[in-house]
Amino acid sequence: MSSVELLVSEVKQIKDWRKAQGKRYKLHDILAITVLAIIVGTDSYVAFSAYCKSKKAFLIAQNLLDGKNFPSHDLFSQILQLLDKEAFAKLLAAWLQAAVAEKEFEESDFPVPNARVDNKKMIYVDGKSLRASRRSNQHTRSALQIVTAYCINHSVSIGQSITD
């Protein structure tokens with residue numbers, strides 16, 4: 001099973017809250033396209049729509065688009081603003097776990113001669129203070145801190161949280 005098929009099977013678990021009338025695209029297709037677009041570096045709703053047009057052949061081959069119509073930036077905006085972010089984050093984590101579990105890293109995967117392959121999972125934790133997040137008139141509240149966990153073995157950020 002390909003990583004895209006795994007992704008679609010995970011996002012199918014999210015219940016579609018939209019009314020049946022006027023639905024042109026399946027929710028799981030829009031969410032899968034969104035994740036794929038984010039992976040390649042898109043960062044706006046307009047860019048999500050442009051991604052659909054530029055990767056038309058790939059998305060049709062994966063049965064995520066029909067090829068006749070493309071989702072608009074307004075559709076991406078509406079869906080992502082109404083989406084349960086915590087449930088979606090849990091599904092993405094499950095997808096990443098399943099995708100990583102399918103891939104076995106062996107020495108033959110690394111072309112560097114005499115390279116040592118360490119099967120231990122290395123996770124780096126990094127914290128940052130967000131600039132201008134502290135109000136100057138309130139000295140009791142510190143700046144917001146964001147903590148990120150990064151899996152170096154697979155080059156994937158596996159979690160991010162805002163803390164006090």
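Lys-55 is partly exposed, because its relative accessible area is 40%, which lies between the cut-offs of 20% for buried and 50% for exposed. The model is predicted. Helix α2, by contrast in topic, is largely enclosed by the rest of the structure, since 11 of its 13 residues are buried.

**Around Lys-55**
- Lys-55 sits in the loop between α3 (45-54) and α4 (56-61).
- Its C-alpha atom is separated from that of Ala-37 by 9.5 Å.
- Lys-55 and Ala-37 are 18 residues apart along the chain.
- Ala-37 belongs to α2 and is buried there.

**Helix α2**
- Helix α2 covers residues 27-39, 13 residues in total.
- From first C-alpha to last, α2 reaches 19 Å. That is close to the 18 Å expected at 1.5 Å a residue.
- The buried residues of α2 include Leu-27, His-28, Asp-29 and Ile-30. Thr-34, Val-35 and Leu-36 are also among them.
- Gly-41 follows α2 and has a positive phi, near 110°.

**Strands β1, β2 and β3**
- Strand β1 (residues 123-129) runs antiparallel to strand β2 (residues 145-151), and seven bridges join them.
- Tyr-124 has Tyr-150 of β2 as its bridge partner.
- Strand β3 (residues 156-163) also runs antiparallel to β2, again with seven bridges.
- Ile-146 has Ile-162 of β3 as its bridge partner.
- The hairpin of β2 and β3 has four residues between the strands. In this hairpin, Ser-155 takes a positive phi near 55°.
- In a regular strand, side chains alternate between the two faces of the sheet.

Note on methods:
Residues are numbered from 1 along each chain as its sequence is written. This is a predicted model: local features need pLDDT of at least 70, side-chain atom pairs count only at pLDDT 80 or more; totals for chains, interfaces and linings use all residues. Side-chain values use heavy atoms; hydrogens and water are left out. Two strands pair if DSSP finds at least two bridges between them. Helices (H or I, at least four residues) and strands (E, at least two) are DSSP runs, numbered from the N terminus. The expected span of a helix is 1.5 Å times one less than its number of residues. Buried means under 20% relative accessible area, exposed over 50%, partly exposed in between (1.4 Å probe, protein chains only).
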